[in-house]
Amino acid sequence: QMMFPKEFREKYIMSKTLGRFLTELCSCFSGACGEVKLAFEKSTCNKVAVKIINKRKFVASGLTDANPALNINTEIEILKKIDHPCLIKIKNFFEAEDYYIVLELMEGGELYDRVSRPIKMKEDTCKLYFYQMLLAVKVHNRSVTCWGALNYLHDNGIIHRDLKPENVLLSSSEEICLIKITDFGQSKILGEASLMKTLCGTPMYLAPEVLNSLGTAGYSRAVDCWSLGVILFVCLCGYPPFNEQNTQLSLKDQITHGKYTFIAKEWKHVSDMALDLVKKLLVVDPSKRLTTEEALEHPWLQDEDMKTTFQQLLAQTCTNMSPPETSKMPTTTRKRLHENEEEYGS
Ligand SMILES: CCC/C(=N\NC(=N)N)c1ccc(NC(=O)c2cc3cc(OC)ccc3[nH]2)cc1
């Protein structure tokens, strides 16, 4: 029986495990360990979700990934300060022999369970969900690069780096609902524009990889756009673009060459515009891949009904918060974004 810290037990009554416990259990053997439980907040009787993240990594896995303790604190800091309707909100945080993170309950569970169903999602539903994912990632990237609002990040961007249907949560079991991005355990905060400073001096002592990285520096956020492309692909047709079932090419070769499996009969009812957006996200060269801003301008997302539905859903949940007025945001050209950020390789 898991021992919950005293101050935790004073505030919450624990209930059942949510989501695919077995997968959570399996993930324990892969080092990344944790599960999500339903709980009741004593003071309000409201339902909450509690993400439990084990401190001990399973040494057996020999995983060398960074110490979760380091990640979790950065993750909590990030999520505490960035306030967006499509990013998970933290309500409380306890550290004992494990981490107990109290979050708003996303009653609809993971998008993963929706895309795993035999009945494919309607295209309009995919569009409503995808629009919200773009806003979350865009605002996420933009809110910390272009808005002074989160000055503690010193105008750096944050990259999620692990976007997948398991990390997209649905606010209700209704098909038409809000989504929230979660699990920033792999996220990265971009460094200051140190590459530019490095290039001020003569590179007599500079390593080749730094000079070679000049071509790709500044595109690390593009990894999230690739992942969004894979998520959109799966939502629209019900099967993943790159998978091990494919025999000709290894999964790695499929991805590095951008060779996705196209099964015509699964795409028959999908609009050409939707497919066009997928194709422009699943581009191997990050500098040619659509950015979140460009994706939001794509014809498939110029759908006032969908945007009105999103606004109505927002209005239902929170009276005061209004979504970021993307039109009023300073338009940042790729060039300026390029200058604002840097890192070697990625
Ligand atoms: C700040 C912690 C963020 C985090 N993971 N972070 C991490 N792994 N480093 C995380 C990961 C997963 C979740 N999942 C949920 O909240 C969740 C609610 C839920 C409801 C369900 O059925 C109703 C089924 C699955 C669910 N997952 C919430 C937070």
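How many disulfides does a search of the whole structure find? In this predicted model, the search returns zero. A disulfide is a covalent bond between the sulfur atoms of two cysteines. For Cys237, the closest cysteine sulfur belongs to Cys235 and lies 9.3 Å away, so the distance is too far for a bond. A pair of cysteine sulfur atoms counts as a disulfide within 2.5 Å. Cys237 is also buried, with a relative accessible area of 3%. Cys86 is likewise buried, and its relative accessible area is 0%.

The ligand is surrounded by 18 residues, of which Gly19, Glu75, Glu107, Thr182 and Asp183 are the closest. In the side chain of Glu75, an N or O atom is 2.7 Å from a nitrogen atom of the ligand. In the side chain of Asp183, an N or O atom is 3.2 Å from a nitrogen atom of the ligand. The ligand exposes 650 Å² when taken alone, and the protein buries 88% of that area.

The most is given by β3, which supplies three residues. By residue class, the shell around the ligand holds 10 nonpolar, four polar and four charged residues.

Note on methods:
Residues numbered from 1 in each chain as written. Predicted model: local features only at pLDDT ≥ 70, side-chain atom pairs only at ≥ 80, totals over all residues. Heavy atoms only, no water. Near = heavy atom within 4 Å. Polar contact = N/O pair within 3.5 Å; in protein donor to acceptor, adjacent residues only side chain to side chain. Areas by Shrake-Rupley, 256 points an atom, 1.4 Å probe, with all protein chains shown as cover. Helix = DSSP H or I, 4+ residues; strand = E, 2+ residues; numbered from the N terminus. Nonpolar A, V, L, I, M, F, W, Y, C, P; charged D, E, K, R; others polar. Buried < 20%, exposed > 50% of the residue type's maximum accessible area, 1.4 Å probe, protein only.
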